[in-house]
Amino acid sequence: MRSSWGSTFGAARWGRAVGRTGAQRSRRVFVGGAVAAVALLTSVGSAGAVTGLFGALPSAGTAATGGTITFGYLTGATPLTVFPITSDAQASVYTSFEFQYDFWVPLYNGPDGQNQEIDYAVSVGKKPIFSDGNKTVTIPLNSNYKWSNGQPVDANDLVFDVDLIQAAVKETPANFSSFTPGLFPQNITSISAPSKYTVVIHLAKALNPDFFLNDELESEGAIVPLPSTAWNIAAAGGPHLNYTIPANAKKIYDYLEKLGSSISSFGTSPLWRIADGPFVLKTFNASNSSWTSTRNPDFGGSPKPAYNALDGVTYTSQTAMINALKTGALDISTNFDPSTIIPQVPSLKAAGYSVYGYPDLGLTDAIFNFKDTTDHFNSVIAQPYARQALAYLEDEPAYITGIFKGAAGAAYGPVPSVPPTPFTPADSVNPLYPYSPSKAVALLKSHGWNVVPGGQTTCAKPGTGAGECGPGIPKGTPFKFSWAYLTPATQAFESVISEAFASEAKAAAGINIALSAKAFNFLFGNYNDANPAGAKYTNDWGVEFFGGFTDDYWPTTNSLFNTGGTYNQGDFDNATMNQLIHNSVYGTSTSAVTQEASYVAKTVPALFAPNPDLVYAVSNKIGGTAASWFALTQYQTFPEYWYVKK
Amino acid sequence: MTGYIIRRCVAAVIIAIGVAAVSYALLNFAGGSPVYAALGTHANPKAVAQWNRVHGFDKPLIVQIGNYVWNAVQLKFGYSYKQGQSVAALLDENAGRTAYLSGSALVLALIIALPLGIAQAVKRNSVSDYAATAITFTLYSMPAFFLGLILIQFFALDLHIFPPLVSSNVTSVWASFTHPAQLTLPIVTLAALTVAGFSRYMRSSALDALAQDYIRLARAKGLSERVVLARHLVRNACLPMITLVGLAIPGLLAGNIITETLYNYPGLGLLFYNALQGLDYPVLLAYTLIGGVLTVTGNLVADIAVAAADPRIRLG
């Protein structure tokens, strides 16, 4: 589980979060449209089935041979490093999913079309085999991949990558964006290559196989076999080193990391031209981060690209990119926030584009602060009924229709209703607490609250018995709290949802919410009980809403809702939750994460909100498989599946 | 005059150093070390401490300021961890493009605004004066992005005369110069907004000059109106414009963020905006420093130019 670091549209997925810390499938910024969205929200009901699919996928057509496909980037959301071991500071989807993985194929890669799971057809690794009580993992590799220098991609290349990651993490965990304390690569006691296409990993502690495969080995493609016979150097023209020696691995990592972080090296260093992906980087313009790549004739995957070149083109704003689309100058856009692109759909269609959107696998949530003692909020929010009452006040269908204009999917827990995963619990699709102000009021009244719709609800029956407010809640305690949301200057939907929810809570249940807008970095860094630096802000916020987090394919909330979790920003503390998360990470059950997600949906440790679509415009001159277009909405490019139409 | 220039230059250097020191201190208070930009927000404390030690951010603030100023004097502005390049390289890449865009717009604006202002003054309170006033006020009140969008819609998307944005292949000043069609709309957008202000100043200045005795005397001598205007009015009326242009110099590098963003033309303005979004402090610092230096330089150039143009002015 990683924070989805919102870039803005510019950049960041600030917003659903501007940024995830891991391989950073960051969420996009939803800027603008807030006022209109509020107005719309007031005029829509709560009915209507929403699948999250917006528009129609680009048509397949017939592939021609040759041509160039251009892919759009936004300034400030461009690749920061070419070296596939990506640090926290450099991790973003633009660096990895939409850039590096075009040139270097991850060990495990996905999704498989709509389904959020590994697609072995686009992975170097075959399905791993777990043995020795899940402490030994044997990874068979496909033998068809080759480096562009003619060498085969083999087991040593995977060992090389893991050795470098271990060296990187030893320097500082921040060097590896997918690092989780105590897990990969710290839990590896040894790694070896007993045969040319087999790697064996021994773990210090057994992990749930599904967790290790989907969240560690897949880890959003962060494990990438690297050319061990070419990149095992510590200086330009230097000797080739034995990377299994940790000291050498450190030297190699330091050299490659520094070189890979220098934008001027992207298009010039011969090292980066040794690739096993469908394309090989040809040029990189340090001035504007636009780049060109050519088809890799040695690509061992299937299908082989039918076109000659894939180019990344950078635009300074969404407006500039939309204008480029209107003139047909760009084939595939970056993902847009719905509020920006939906008004442009008619003109883009007229200009010869398909516009479609789909939510990525992730959660959007407003986080409760269980340590905020202001007005005894810590005691109030500790009560499950209080959180459930708040959930009843959230009108997700109306948000989807009014704010997102249909371009979002419902989410009632850590696993959204769409896109589908093998682990989606039933209560992620059918909410336990659907929008019902009357049920919210009834729930509060049944627990000793004097509900004053439009006024101030207070605790009338203090105590710990049935029908009483609960421990630590004195008589007269108002149900009120502060709510900080991501500034609409970065992304709009958080502010609109916050305003809509606060209005509803006040009018229907007399719950008073004091709203304020804050920058993402401030929220994520300071309104954070998991961060020692956040201690002085603990009583400044009752709820924060900066976006959310992106799920891995095994969508555990490990680090998010377990006690002491790195991103447990509100300090949620629940023994059952801890046990369920532990089962997901260290157990053996294949349904552990489903049970965990179901419990999260039931206990409401955060207020879940709709999952926004990622909306793309694709020229009608470009074809591709439906799976490749769905993959794009998960920030993943499979450019070998695209082609120029006849 | 020489002594004046030397004194002003010394003062400019002191002010620039002061700007650097104050800017550094303010950003330090606001954001502290750029360590989290370099290592990520969840870097462990040990790594943070080591990074700060290696890069000098563990030293007292006054020492850090001193180091920064000394490095800045040597044009070493640090390293952008967000963009993987030295700040000097980033400035070098972007400054020329912004200067070309802003400089071209400034020249175009002057070419239009000076005769327009004079013509309005000469034909004051006429239909043409009112029409020009209405147009310039409209432009003056128009946001850059709005004017830009109108121009793009009309000249690019409807008439297909100019491209709607600058090609990503136009990355150098020379490329900008050799592809005039690419830069036409951005330059016109900026120039149109500048014309509005300049022409109003010019009109006002020309009106003042027209009321002066030397104009009446020139006319009384029987000089033609064209000669009166060309020889006696223009030079005197242009004096305030020299100051205006001098003050506009910082804008040459300070950038035109809206225009750059709208037309896909990466320059200093956009660099600053992205640095602000990404809390890229080394870039923010350098940008602020350059803005301060250019403001001081612009004032200095304007004062000297006015003195050179108007012999009545004697500098003490």
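1. In the largest nonpolar core, which has 264 residues, the members that touch the most others are L164(A), V199(A), A389(A), A509(A) and A286(B). A nonpolar core here is a set of buried Ala, Val, Leu, Ile, Met, Phe, Trp, Tyr and Cys residues joined through C-beta atoms within 7 Å, and a residue is buried if 20 or more other C-beta atoms lie within 10 Å of its own, exposed if 12 or fewer, and partly exposed in between, with C-beta atoms placed from the backbone. The largest share of this core, 15 residues, is supplied by helix α9 (residues 180-210) of chain B. Because domain 1 (2-87) and domain 2 (95-309) of chain B both give residues to the core, it lies between them.

2. This is a predicted model, in which local features need pLDDT of at least 70 and side-chain atom pairs count only at pLDDT 80 or more, while totals for chains, interfaces and linings use all residues. Residues are numbered from 1 along each chain as its sequence is written, and chains are lettered from A and ligands numbered from 1 in the order in which they are written.

3. Not counting residues up to four places away in sequence, A389(A) touches A440(A), L443(A), L444(A) and A509(A), where contact requires C-beta atoms, placed from the backbone, to lie within 7 Å. Another core, of eight residues, lies apart from the one described above and includes A174(A), Y36(B), A38(B) and L39(B).

4. Chain B is divided into domain 1 (2-87) and domain 2 (95-309), with bounds that come from an automatic or database domain assignment. Their C-alpha centres lie 33 Å apart, and 21 residues of domain 1 of chain B are in contact with 17 residues of domain 2 of chain B. On the side of domain 1 of chain B that touches domain 2 of chain B, α1(B) gives the most, with eleven residues.

5. Chain A has 18 helices and 25 strands, these being DSSP runs numbered from the N terminus (helices H or I, at least four residues; strands E, at least two). Of its 646 residues, 63% count as buried, and its C-alpha trace spans about 75 × 60 × 40 Å along the principal axes.

6. In chain A, strands β10 (residues 279-284) and β11 (residues 291-295) run antiparallel and are joined by five bridges, pairing being assigned if DSSP finds at least two bridges between two strands. V280(A) stands opposite T294(A) in β11(A), and in the hairpin, which has six residues between the strands, S289(A) takes a positive phi near 65°.

Key
Contact = placed C-beta atoms within 7 Å.
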